[in-house]
Amino acid sequence: TVISFCCAGSSRQRASMAEAPGGLLFMENEHYALVDALPYIDTQLGAAEVASQVKALIEEEMAVFEPRDYLASLPAPELPFLESPAMQEEFGRVSMRAPLAAIDPKRYEAQVPEGDAAEEDDAAWKDAFAVTSRQLEYNRLRSLNLELLEQWGKKAWVAHSLLIRGAERVLANEAGDLRAQREEVNKKRKLDQVECGNNIRKLTRELVQYQQDNQEVQGAVRELEAEVKRLRTAASERGVNIADIDPDAVKPEAAEEEEEDEKAEEKEDD
């Protein structure tokens, strides 16, 4: 009860966020507001006995748990690249478990026509010429790249290293800012939870003290009631009329009549 009282504000705040559009995904769970924790002060949760109890409760819940589609309320992402004809064709191949068509290296091999094809088939020579031209162009590009690498490789690598180091510094600064923000959030959470824990302990002590005070007051009231009853009985037995100081007291005559009535009822019972 005390924890619910102290955490009611945060629960109401999370409930209002869930009702607002674009609320957090976990807020769609039923009774999510009842789940709350104070990890900075609930240190007993790390005990082995408590951990085993928690694990048993989780296993019991999972035994009857029915999974649901937690992404049903979210719109489907737009993936135009995956919806392209080429990707759809590839998805179809994967679904049919068809093998992937590998690169055919023969189309890059220059084969000289032989036999009758060497004398009569011009198309064979044209194909061989095209393949040879591709091979020559490929080798020319390799030679050009090696020359460029020899001339500009070191400078390009130094420039690339400078860019990488600059990007690393930017990312390191961003990571440092995020860590600082995380530490601030954790520090605020810890301070809030410690304050909440102090309030819980204070209220618990007050509750115990109030209970003890109530028990003492009730005991004293019972003692006073017993003493008043004893005094009234003594005054009635001695025939002292105390109606002027105790209007609720029974008069001696009325007490005698009640006593006679009780005796008469006992005789009738006999």
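User: About how many helical turns separate Glu 227 and Arg 230 in helix α6?

Analyst: A quick note before the answer: this is a predicted model, where local features need pLDDT of at least 70, side-chain atom pairs count only at pLDDT 80 or more, and totals for chains, interfaces and linings use all residues. Residues are numbered from 1 along each chain as its sequence is written, and side-chain values use heavy atoms, with hydrogens and water left out. Helices here are DSSP runs (H or I, at least four residues; strands are E, at least two), numbered from the N terminus. Because Glu 227 and Arg 230 sit three residues apart in helix α6, the separation is about one helical turn.

User: How far apart are the closest N and O atoms of Glu 227 and Arg 230?

Analyst: These two form a salt bridge, meaning a side-chain nitrogen of Lys or Arg within 4 Å of a carboxyl oxygen of Asp or Glu. The closest N and O atoms of Glu 227 and Arg 230 are apart by 2.5 Å.

User: Is Glu 137 buried, partly exposed or exposed?

Analyst: Glu 137 has a salt bridge with Arg 140, at 2.6 Å between the closest N and O atoms. The cut-offs for relative accessible area are under 20% for buried, over 50% for exposed, and partly exposed in between (1.4 Å probe, protein chains only). Since Glu 137 has 37% relative accessibility, the label is partly exposed.

User: Why does Gln 193 count as buried?

Analyst: Gln 193 is another residue of helix α6. Leaving aside residues up to four places away in sequence, Gln 193 touches Ala 37, Leu 38, Pro 39, Tyr 40 and Ile 41, where contact means heavy atoms within 4.5 Å. Gln 193 counts as buried because its relative accessibility is 8%.

User: And what share of the protein's residues count as buried?

Analyst: The protein has seven helices and zero strands. Out of its 270 residues, the buried share is 10%.

User: Which residues gather in the patch of negative charge on the surface?

Analyst: Asp and Glu count as negative, Lys and Arg as positive, while His and the chain ends are not counted. A patch takes residues with over 30% relative accessible area and no salt bridge, joining like charges within 9 Å and nonpolar side chains (Val, Leu, Ile, Met, Phe, Trp, Tyr) within 5 Å. Asp 122, one of the members, is exposed because its relative accessibility is 54%. The patch is made up of Glu 120, Asp 121, Asp 122 and Asp 127.

Note on methods
Areas by Shrake-Rupley, 256 points an atom, 1.4 Å probe, with all protein chains shown as cover. Charge placed at Lys NZ, Arg CZ, Asp CG, Glu CD.
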